[in-house]
Amino acid sequence: MLLSMNRSKRISVLFATMVIFILNSTPSFAQEESLYERLGGIKPISLVVNDFVDRLIANPVLKANPMIKAGRDNSPIPYLKFQITTFVCEETGGPCVYTGLTMKESHEHLNISSGDWQAMLDEFQITLDKFAVPEQEQNELFELFESTKRDIVITGE
């Protein structure tokens with residue numbers, strides 16, 4: 001069949017065949033999955049956030065801060081869980097859109113100390129270990145949290 005075609009058609013067919021061959025034989029370079037995808041999406045993120053917030057509420061160090069208690073009275077726990085879930089979803093590359101206040105706006109009145117911050121990190125570690133979050137993903141999540149610290153922890157400590 002190829003011989004019965006004119007020269008330009010034969011070249012076109014050969015070129016198309018080569019392109020198809022190259023595309024099919026070249027290893028594809030998969031894009032790296034986002035942290036959101038590696039965490040398993042919104043369902044596992046929401047389960048982790050649920051457990052984490054429950055731990056924060058029960059933590060004696062955080063309960064001792066009267067400003068945190070007052071903040072909890074203004075932000076019902078289900079709403080807080082929703083906001084943290086959408087924040088983590090968006091910041092890890094997921095489809096969610098966080099619509100809450102900035103970290104500074106939502107925390108500046110809470111007088112969160114370095115000790116409070118460490119208590120939060122300790123609870124977060126316990127939650128991540130409970131859900132067997134792999135070390136690389138844990139490190140990336142802690143980096144995400146650390147990026148918010150300057151807007152959350154009171155200065156002068």
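Tutor: Start with D116. Beyond its neighbours within four places in sequence, D116 is in contact with V61, L62, N65, I68 and N111. Keep in mind that this is a predicted model. D116 sits in helix α8, which spans residues 114-130. Its relative accessibility is 7%, under the 20% cut-off, so D116 counts as buried.

One of those partners deserves a second look. The side chains of D116 and N65 make a polar contact of 3.0 Å. In sequence, D116 and N65 are 51 residues apart. In space, their C-alpha atoms are 8.2 Å apart.

N111 belongs to the loop between α7 (103-107) and α8. Its phi is near 50°, a positive value, and N111 is not a glycine. At 38% relative accessibility, N111 is partly exposed. D116, in contrast, is buried.

Now follow α8 to its partner helix. Two packed helices are described by the angle between their axes and the distance between the axes. For α8 and helix α9 (residues 135-146), the axes come within 11 Å. They cross at roughly 155°. That angle is over 145°, so α8 and α9 are roughly antiparallel. The crossing of α8 and α9 is right-handed. On the α8 side, the contact is made by W117, M120, L121, F124, Q125, L128 and D129. On the α9 side, Q138, L141, F142, F145 and E146 take part. Sorted by class, this contact has eight nonpolar, two polar and two charged residues.

The loop between α8 and α9 holds A132. A132 also has a positive phi, about 55°, although it is not a glycine. Its relative accessible area is 60%, which is over the 50% cut-off, so A132 is exposed.

Next, go to K130. K130 joins its side chain to that of D51 through a polar contact of 2.8 Å. D51 lies in helix α3. With a relative accessibility of 11%, D51 counts as buried. Setting aside neighbours within four places in sequence, D51 is in contact with T127, K130 and F131.

That brings us to α3 itself. Helix α3 (residues 42-58) packs with helix α6 (residues 77-91) at an angle of about 135°. The axes of α3 and α6 are 9 Å apart. Because of that angle, α3 is oblique to α6. The α3 and α6 crossing is right-handed. From α3, the contact uses I42, I45, S46, V49, N50, V53, D54 and I57. From α6, it uses I77, L80, K81, I84, T85, V88 and C89. By class, the contact of α3 with α6 has ten nonpolar, three polar and two charged residues.

Finish on α6, with Y79. The relative accessible area of Y79 is 42%, so this residue is partly exposed. The side chain of Y79 makes a polar contact of 2.6 Å with the side chain of Q83.

Helix α8 crosses α9 at roughly 155°. D51 of α3 makes a polar contact with K130. Helix α3 packs with α6 at about 135°.

Terms used: Residues are numbered from 1 along each chain as its sequence is written. This is a predicted model: local features need pLDDT of at least 70, side-chain atom pairs count only at pLDDT 80 or more; totals for chains, interfaces and linings use all residues. Side-chain values use heavy atoms; hydrogens and water are left out. Axes are lines fitted to C-alpha atoms, for helices over the stretch in contact, and angles run from 0 to 180 degrees between N-to-C directions. Helices (H or I, at least four residues) and strands (E, at least two) are DSSP runs, numbered from the N terminus. Angles under 35 degrees count as roughly parallel, over 145 as roughly antiparallel, 65 to 115 as roughly perpendicular and the rest as oblique. A crossing is left-handed if the near helix is turned anticlockwise from the far one by less than a right angle, and right-handed if clockwise. Contact means heavy atoms within 4.5 Å. Ala, Val, Leu, Ile, Met, Phe, Trp, Tyr, Cys and Pro count as nonpolar, Asp, Glu, Lys and Arg as charged, and the others, Gly among them, as polar. Buried means under 20% relative accessible area, exposed over 50%, partly exposed in between (1.4 Å probe, protein chains only). A polar contact is a pair of N or O atoms within 3.5 Å; within protein, one must be able to donate a hydrogen and the other to accept it, and residues adjacent in sequence count only if both atoms are side-chain atoms.
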